[in-house]
Amino acid sequence: MAVEVLLWCIAALLATAILAVAGVRRTTTATLVYTVALVASTAALGTVGWVLVTDAGLAQTVRLPIGLPWLGAHFRLDPLAAAFLTVVNLGGATASLYGLGDGRHEREPGRVLPFFPAFLAGMNLVVLADDAFTFLLTWEFMSLTSWALVMAHHQRRDNARAGYIYLLMASLGTLSLLLGFGLLAGPDGSYAFEAIRNAHSSPNTAAAVLALTLLGAGSKAGLVPMHVWLPLAHPAAPSHVSALMSGVMTKVAVYGFVRIVFDLMGPPAWWWGAVTLLFGGASAVLGVLHALMEHDLKRLLAYHTVENIGIIFIGLGLGLAFRANDMTGPAALAMTAALFHVFNHSVFKSLLFFGSGAVLTATGQRDMERLGGLIHGMPITAFAFLIGSAAISALPPFNGFVSEWLTFQAILLSPQVPQWVLKFLAPAIGAALALSAALAAACFVKAFGITFLGRPRTRAAQDAEETDVFSLSAMLVLVFLCLVAGILPGYFIDALAPVVQIVVGGHLPQQAALSWLTIVPIAEGRSSYNGLVLFVLIAGAAMIASYVIHRWASHSIRRSASWDCGFPDASTATQYTAGSFAQPIRRVFGTLVFQAREEIHIPPPGDMRPARMHVYLRDRVWDALYVPVAKFVGVTATGLNRVQFLTLRGYLTLVSGALVALLAILALWQ
Amino acid sequence: MAVILDALVQFGQLVLVLLLAPLLTGYVRKVKARLLRREGPQIIQPYRDLLKLLRKEVVLAENASWLFRVAPYLIFATTWVAAALVPTFATGLALSPAVDLIAIVALLGSARFMLALAGLDVGTSFGGIGSSREMMISSLAEPAMLMVAFTLSLLAGSTQLSSVATYMQGTAVGLRVSLALALVGLIMVAIAENARIPIDNPATHLELTMVHEAMILEYSGRHLAVIEAAASLKLLLYLSLVLCLFAPWGVAVAGQDIASYAWGLLVYVIKLAVGGFLLAVFETAIAKMRVFRVSDFLGVSLMLGLLAALLLFVSRGV
Amino acid sequence: MDRLALDIAHMFAGGLVLVSFMLLYQDRMFSLINIFALHAFVVSLSVAWQAHIQNAPHLYITAGIALVVKALVIPVVLHRIIVRLGIHRNIETVVGIGQIMMGGIGLVALSILVMLPITAAEGTLVREDLAFALSVILLGLLMMVSRRNAVGQVVGFMSIENGLILAATGAKGMPLVVEISVAFSILVALIVIGIFLFRIRERFDTVDIYALDRFRGEQP
Amino acid sequence: MTDLGSIVVNAILIVPAVGAALLAFLPDDRTTARLNMVGTLLTLICAIALFFVRPEPSLFLIVDDVNVVFIVLNTFVGFTTSVFSGTYIAHELETGHLTPLYLRFYHAMYQTLMFAMNLALLANNVGLMWVAVELATLTTVLMVGIYRTPQALEAAWKYFILGSVGIALALFGTILVYLASSAVLGEGLEAMAWSVLVRRASAFDPALLNLAFVFLLLGYGTKVGLVPLHAWLPDAHAEGPTPISAVLSGLLLNVALFAVLRFKMVMSANERALAPGPLMVTLGLVSVVFASFMLYRRHDIKRMFAYSSIEHMGIISFAFGMGGPLANFAGLLHMIMHSLTKSAIFFAVGHIAQVKGTQRMAEIRGLTVSHPVLGWGLVVGVIAIVGLPPMGIFMSEFLILTSTFSRQPVLAVVLALGLLIALGALLRHLNGLAFGDAHGSIAPAQASFVPMFTHLALVLAAGIFLPAPLVSWFQNVAGLLR
């Protein structure tokens, strides 16, 4: 039943896409498309939510007579799919709402409107798919539509390049997933997930499949070192699409990983966890360090996606490690942490991208160095962005903290695993996680402070005005969710219980029933957290303080020029810029991670030219992995290209050579 | 009954920390002054300052935003709550299940987040310096702190402060290398987080090495007062954290009689005095270091924490 | 059939291979064409003999066509063309005669080697015939490879066709394909000479394919 | 019933033949294009009729499961191409690239080509098939050279020489097959009929069969364009008129491959002969990898897509070489999808080249801006040809890779890398062609988009939903191919 409803929503989306192609010329098309998308996503969200709450219509399958003829297209809705569908459609609904407002400023509606609903439909289909072919088809369809959206503003050279690299990496991922499914399905091609689940594969096969899945799903999710396309492609798209790509599509990739590794591949080996942990830790730290060095607002957010995906994969890796040792409770904790972080990240990442989109629309700028002081022009956007920043920096009482807290708790359980590698790995990963959390806070002080605070650095920033009501409402909905998920995490954890149940065969104890909605992952005496109490306490304390002070102490205010230690400077150039803000951290990590070089040109005395400083950063992953491959292809292509210019005799020589060779082979074979 | 008692204790602590914090600050200043053969201000000077500031009007920069005015109260509230949830003279606070060690670290992180933003708000170069350096320091101090937390929670099998405290009270602990490492690490973090020498000098202005003072440069009047209060609360918090984790002797356990609570209170004050004295001695003994050496300093503490955790990870469950 | 008939057939086939070798090392246009005429003549003889021993009269037609067209008409036309294009000059083969001969012998050896495993039950005739035919074809290929000159290549190609005819007639009672193949080989030759050399000359004043090689596509 | 069937079959051959004769002698050059269309349309109708009436196989012609869909595909693409060719040729006349005389010649040759290819597909006699392929070669040679530019002549000459050599090898192979069969079946037409050969192949002399297959593979493989026999293909595509490029890529390669398949069936029917699989797999892989790399340094748009055709022929022969129900199914599907997609792409490319007045990709930019329909058509075509869903080629490549990987992981990985490299090249060129700021003439193209979008729609539909009868046919043939 529920599946049918979802499929109908998807059909509506696809139909809208086709209609949009027809109505590209008309101006009302945008409103139509986004309205339909909003309605469809909301309907799907409602359905899924209803399913999750009342376990009705779960694990029911639908088979459509399309796709592989003898197989058909299988669709199935189990708790795992439901959970991810929630994320997808929540993102879709808010993005459509945002699009209703912000989409009006789109320069190239014709290149956005047809693909936006198709993209939504694609993501829904991936999560619903229940056989390898449908999964891969929709997976690549998702990539394709998002590629089209990335290419929407194709006149900018780097956008075109971004789209190219993106589609290339996406196809690499799809191909590796395809090969992985080939292994799972076996030579006679039993592609249905049901069949794959029941078939048991040898350890070597499993290892290969894990590697291929990490490559395939990881490249889409943006795991280091497959992340290179992400910070190029995500910012290139229109903002609400960036939000979808960063906040939702990466989660679909995570879904792919969970579906294959936890559900289809059968019992894991402990080292799967180790490998996944390594990838996760690397992504977490490198992602946030890259973000710190970035001063393009949207690209900074994209790099943070890499970081958060890393955190999610740390949770997944722990889950694998625990499950391999039949430690159901810890495994459940780790998985809950990961899945909860999936939800949280989708919420605040969408929020942040909406905010950056509003800034982009208001000022036409993505470069933080040319912004500043926007909090005066666009206070509500600033407030929303602030909440988002706090949430992504894992600050209580917001939602980001809860999931990271759960992850920490899971790490703290890892000394119980017998394998030495994991014993050594776990605390290191914990340090990495802590480091990335702290750096994320630093990064978002930078992002928010430079963009919204201080004095405007350009005219555009000066006259920035608050964005429209649709965009604002989209943001505020997400702000609300950040807070709710932060102070009432118990309900979310309970909602995740059935998902975790099917993934690791166990789940956390019921949380919502506990006194004062405290969450207790393992035991009362061990660890507990209560966002609600914390929130009430802080709010209360703040109010009391302010009330007491304003009641009995002074409440008078005088405005005057800023003091600045007695040296106020009118020029806004004296403010700290994004680059200078990150400079101390660059000093600490830069040389190691980025081979950072600083060149300072100070003109001789009497020369009036300003002193200049250039900072050069290199992405070592890019240099080490991708440049050589590109080189190889180029060189080989050039070398082989000579064959195009042989003389006719040369070609004849080739032919007769082939003939003689085959005859010789034949002679030897007989 | 027990619940009521816990609630009472909790409330008592809320008030206690608030009252005690400025005193500690003043005491440390006094001791430092004495060590430098100066007379120094009276111990209760901080209270006077606070009251004075509260009565003065606020001079606000033109382009200060609403955030600039909201931040002090949030900072104060967060720090206060955090301080109130650390067991000082008695465990089993009513609200102690609400947060654990990790959460307290994160709470202080929230306070710092707001403070750093406030530093950037007016758009002066000093504010920028302050926030940027503060975030750099914290980005290393926080992981170190968490590593310490890991070590302890691995030992005690819990991140819950009261449980850790009770565990450390027990004799099962014995003397452990990792504990010593963790203690050193925690102290280094505490020094860094409270902007003490050698990281930062709370008593200076107009010095390019200042961090904390640079951030709050634009604040005045009641805002400044609130922030100062928050700062001294933070100092108290860290001291009592060290005490509660590494020297939890005499802390009253939940459900004991009034006498033990009184005893616990007395012991706590004494411990604070000793701790403050040691801090003062330390601060006078060494010189301030360059900002870019700070990373090394904190890197050491991070390594210590990690080492401690690793030792435990390896020694456990084998 | 009696040994003698077979031996004569072999004699013709072997002779054809010999003539192919002669073709290989001709480096003068006229002599090349004359030798080719000889080649065609030998083919027609062997076809006729096959017709005789297989008493398959339709093969006589094949022989006749081969004789008339390939041994007489085409050589004459080629003479004309060469004269008209004024390329009596030596056509240098690409590599030295010695290597070509070596290669040719190697190819013959290879073709025999390949034919060995075929069951002799078929009657010895076919197997040897095939071996010879295959060597003629391979030698023709070698010739095409070793010549720079369009006429040379066409001649090489036509020697390949001769080898095919040899094989086809060697196959007992192969219906209608012989005629078709002959017709096609002639058509091929005609098209070669008629259309291409004509047009090529119309475009450039030489039949040397180097002139064509200037016109690779894809000059960047 | 059967007589009706034989009438239909003969019609498929006679209509183009008559059409060729007519078009050769009709002077008026305005109606000839339409006449051409009518002829191909009639052929198409007859071909479709084959689904309903199927004649008994004679010794010369046969309609069996293996070739019926190929005939329909052949006539269908022939028809759509003739529609496209109408507008294309009209433009060529305006710009004076072709004179009416050559136009007449062109149309006659077009019908002849149709005739030859249908004959090759219908032939039940190896000799007859050889003749047909030969005829097809000659006609295409003439059409490639039709512009008479030095490049065109050179391409035609190259094509002619290589093609004839190939065809000679094929003839030798055919003779060997006959020898092998006549030993068992006795002399006469029987020994050259498919229907008989496949049934009795198990008794043939394996050594002869092996030798024959080597020659046939190389001979017909030259027409398929397998590396290293491919040299004629890119230039022939690049220099000839675009409709011919479309027919070459879409149909002629298929026909040649079809011949190879027929012989593969004979081979695999005899288990003592060497398995044809490895040879085809090797040639296929070499072609895929080589062509993929060649795609990068292309400057001429038509030549680039010609190389992509080589790549796809490689994929197909790889699939058939692997064998097995899945791979064979995929191979057949891929053949059809490729000919539809590639001809659609050539339709687009033809119009683009006419609008922009050049085939050099460096001078074609931002098509989606200047000519949205044309540009997006090209984008969709390229997306389909590189095997991205939801187009049909994705399905076949999915089946090939998955079914191969569990049997021969290394081969599958090599193939996958080849596909990826090709995708990289094509997308890079596509970025330049379709996106960025418009460059060159932005005059609207007077073109018939119907053929292009019909093909693309079919490919899309096939990628999502394959009708049951087609599927059963595929599976049936896949079974026959082993």
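I started in chain D, where α4(D) passes α10(D) in a left-handed crossing (left-handed if the near helix is turned anticlockwise from the far one by less than a right angle, right-handed if clockwise). This is a predicted model, where local features need pLDDT of at least 70 and side-chain atom pairs count only at pLDDT 80 or more, while totals for chains, interfaces and linings use all residues. Residues are numbered from 1 along each chain as its sequence is written, with chains lettered from A and ligands numbered from 1 in the order in which they are written.

Next I looked up the geometry of that pair. Helix α4 (residues 100–122) and helix α10 (residues 242–269) of chain D pack at about 25°, with axes 10 Å apart (lines fitted to C-alpha atoms over the stretch in contact, with angles from 0 to 180 degrees between N-to-C directions). That makes α4(D) roughly parallel to α10(D) (under 35 degrees is roughly parallel, over 145 roughly antiparallel, 65 to 115 roughly perpendicular, the rest oblique). I found L113(D), M117(D), A120(D) and L121(D) of α4(D) meeting residues of α10(D) that include L251(D) and F258(D). By class, I noted ten nonpolar, no polar and no charged residues there (Ala, Val, Leu, Ile, Met, Phe, Trp, Tyr, Cys and Pro are nonpolar, Asp, Glu, Lys and Arg charged, the others, Gly among them, polar).

Then I went to chains A and D. Helix α25 (residues 648–669) of chain A and helix α8 (residues 206–224) of chain D have axes that come within 10 Å and cross at roughly 160°. That makes α25(A) roughly antiparallel to α8(D). Here the crossing is right-handed. Among the residues making the contact are L659(A) and L663(A) on α25(A), and N210(D) and V214(D) on α8(D).

How many residues of chain A are in contact with chain B? I got 71, against 75 residues of chain B (in contact means C-beta atoms, placed from the backbone, within 7 Å). α18(A) gives the most to that side of chain A, with 15 residues. I also saw β3(A) pair with strand β1 (residues 58–61) of chain B in the parallel sense over four bridges (strands pair if DSSP finds at least two bridges between them). V59(B) is the bridge partner of R558(A).

Definitions and conventions: Two residues are in contact if their C-beta atoms, placed from the backbone, lie within 7 Å. Helices (H or I, at least four residues) and strands (E, at least two) are DSSP runs, numbered from the N terminus.
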